[in-house]
Amino acid sequence: MRDSRPQLLDVLFDEASAADKGPLHNVQQRAVALLKLNRAVKGLLPAQLHPWCRVANFRQGILVLETANASWMMRLRYEQPNLLSALRAQILPSLSSIDIRINPALMAKSANLQQKTDKTPANGQTDAPMRTLSVESAEQLRGLASRSPEKLRKTLERLASMAGEGANATSRDK
């Protein structure tokens, strides 16, 4: 029977470093193998697909790829026969099929990375987009503040005062 009691991380790390066996060593080897496979797959795919696709797993002869959304999945399916034959010839002769799955988290991660690279100027400083409060929104906030308890009223009025010059003119009219 397996020993499923909790173990200290120190013990796991010591076992992994002392002998090239143990659970952490196996996980590390698997992660390194998947990273190498991911690099190989990206090398065979068109450059447009690189940020939107990654290797998720390889088990029982099936390569599992994750993609950001359905449109990138369709694009990847067009590349699937070429990718399958190239991987069989070069790296994985035991590869039987490729399974493509959608992972929305990949879309969010790739979009955030792309926004950071697009908005980073040459000098390395990032400019946050300036948000403005419209005059109409400021008037609505002031109307809501007039019907609110004291603490909330002060907060709403302070927020409304952050609007442009036109909104400040309405507060002088009161």
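Mentor: Let us begin with Pro81, which is found in helix α3. Helices (H or I, at least four residues) and strands (E, at least two) are DSSP runs, numbered from the N terminus. This is a predicted model, in which local features need pLDDT of at least 70 and side-chain atom pairs count only at pLDDT 80 or more, while totals for chains, interfaces and linings use all residues. Residues are numbered from 1 along each chain as its sequence is written, and side-chain values use heavy atoms, with hydrogens and water left out.

Trainee: Why is Pro81 called exposed?

Mentor: Buried means under 20% relative accessible area, exposed over 50%, and partly exposed in between (1.4 Å probe, protein chains only). Pro81 has a relative accessible area of 53%, so Pro81 is exposed.

Trainee: What makes Glu66 and Arg54 a salt bridge?

Mentor: A salt bridge is a side-chain nitrogen of Lys or Arg within 4 Å of a carboxyl oxygen of Asp or Glu. The closest N and O atoms of Glu66 and Arg54 are 2.8 Å apart, and the pair forms a salt bridge. Glu66 lies in strand β2 and Arg54 in strand β1, so the pair ties together parts that are 12 residues apart in sequence.

Trainee: Are Glu66 and Arg54 buried or partly exposed?

Mentor: Glu66 has a relative accessible area of 18% and is therefore buried. Arg54, at 26% relative accessibility, counts as partly exposed. As for strand β2 as a whole, five of its six residues are buried.

Trainee: How do you know that β1 and β2 pair?

Mentor: Two strands pair if DSSP finds at least two bridges between them. Six bridges join β1 (residues 53-59) to β2 (residues 62-67), and these strands run antiparallel. Phe58 stands opposite Leu63, and the bridge partner of Cys53 is Thr67. The hairpin of β1 and β2 has two residues between the strands, and there Gln60 takes a positive phi near 55°.

Trainee: Which strand does β2 join in parallel?

Mentor: Six bridges join β2 to strand β3 (residues 97-102), and the two run parallel. Within this pairing, Glu66 stands opposite Arg101.

Trainee: What makes the β-α-β crossover right-handed?

Mentor: The chain crosses from β2 through helix α3 (residues 70-90) to β3, and this crossover is right-handed. The term applies if, with the strands pointing away from the viewer, the path from the first strand over the helix to the second runs clockwise.

Trainee: Which residue meets Arg101 in a salt bridge?

Mentor: The side chain of Asp99 does so, at 2.8 Å, N to O. Asp99 is partly exposed, with a relative accessible area of 26%, and Arg101 is partly exposed at 44%.

Trainee: Why is Glu157 called partly exposed?

Mentor: Its relative accessibility is 36%, so Glu157 counts as partly exposed. Glu157 meets Arg153 in a salt bridge (3.3 Å, N to O). Both lie in helix α6 (residues 150-160), four residues apart, about one turn of the helix. Glu150, Arg153, Lys154 and Glu157 are linked in a network of salt bridges.

Trainee: How many salt bridges are there by this rule?

Mentor: The count comes to five.
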